[in-house]
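Thanks for coming. Please look at the structure on the screen before I go through it.

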Amino acid sequence: MNNCINSSRSGNLRLGIIRMNFHIMTLFPEMIEQGLSTSITGRAMNKGLISFDAVNIRDFSNDDKHHKVDDYTYGGGAGMLMQAQPIYDCYLSIVENIVSDSAKKAPRVIYVTPQGQVFNQKMAADFAAEEDLIFLCGHYEGVDERVLEEIVTDYVSIGDYVLTGGELPAMVMIDAISRLVPGVLNNDESAMTESFNNNLLEYPQYSRPEEWMGKKVPPILLSGDHKKVDEWRLEQSIIRTKERRPDLYEIWLSENPPKPEKKRRRRKKAAEQDADKASDTDLNKED
Ligand code: ADE
């Protein structure tokens, strides 16, 4: 049985908005539903901007009695392996639904695994351009390699540590992707200026009161001078990135090399000369 949580597709099509659909192959659909149906992802789902379809792999087991989906590993070794057949049948049922829906191509299939490429903001943006995405959440000691070869297009990890299953990593990725879907965040700007855009971390932010526990809000933020505020924020982003994520800072630096000193000095001198000329003209006018 599919546990599809979504809202009206036809409503969205009328408005010309394309909904992004997440299909999650899992042994724990309720975990996905509980994790994604609240907060911003829940609101986006209710607005019909995204949908989650948590499909229970166990429902595709050929073992009618125990609904078994795992077995011992050939060659020996500890633990059980998820078998190819239930996963493949689960995949086929999802793809059949998607493709019969319209003239769509088979969607990308992400296998969440510590052996994958480490997920980042750029990958989130890349995935957010898709209309349908399928996630495969593994459990036990892994998944039979043959079904991975057959269906998986992307192997993705959320970091260099091992979790008990793929549901949490899938939810992490779905959350990061969903918030890039147009309309999901209230304020478009918050997606533009946040951490990792241009490989810089976000600058520090402050709200009321102006002073808290003896700590004052940086005066420039109270000045009302938007240009200065923007300059200050960029400077803080650079400082913060250099301190906390030197790896990202190096990338940013390579893409934004400092302007050559000579040119800068020449430009400064020319600007000073222009200013002198302007003030001479003003003086002459006064004469
Ligand atoms: N499954 C178990 N650990 C994982 C990780 N770090 N990333 C993605 N999937 C996983």
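**Core, ligand and confidence**

Start with isoleucine 134: leaving out residues up to four places away in sequence, its contacts are His23, Met25, Tyr91, Ile94, Pro107, Val109 and Ile110. Contact means that the C-beta atoms, placed from the backbone, lie within 7 Å. This is a predicted model, where local features need pLDDT of at least 70 and side-chain atom pairs count only at pLDDT 80 or more, while totals for chains, interfaces and linings use all residues. Numbering starts from 1 along each chain as its sequence is written.

Ile134 is also among the residues with the most contacts inside the largest nonpolar core, which has 43 residues. Such a core is a set of buried Ala, Val, Leu, Ile, Met, Phe, Trp, Tyr and Cys residues joined through C-beta atoms within 7 Å. A residue is buried with 20 or more other C-beta atoms within 10 Å of its own, exposed with 12 or fewer, and partly exposed in between.

Now the ligand. Residues around it include Val112, Ser157, Tyr161 and Val162, where near means a C-beta atom, placed from the backbone, within 6 Å. The shell divides into 7 nonpolar, 4 polar and no charged residues.

Is valine 162 buried or exposed? Valine 162 is exposed, because 8 other C-beta atoms lie within 10 Å.

Last, confidence. The protein chain has a mean pLDDT (the predictor's confidence in each residue, from 0 to 100) of 89, and 85% of its residues reach 70 or more. Over residues 7-11, pLDDT is below 50.

Definitions and conventions: Contact = placed C-beta atoms within 7 Å. Nonpolar A, V, L, I, M, F, W, Y, C, P; charged D, E, K, R; others polar.
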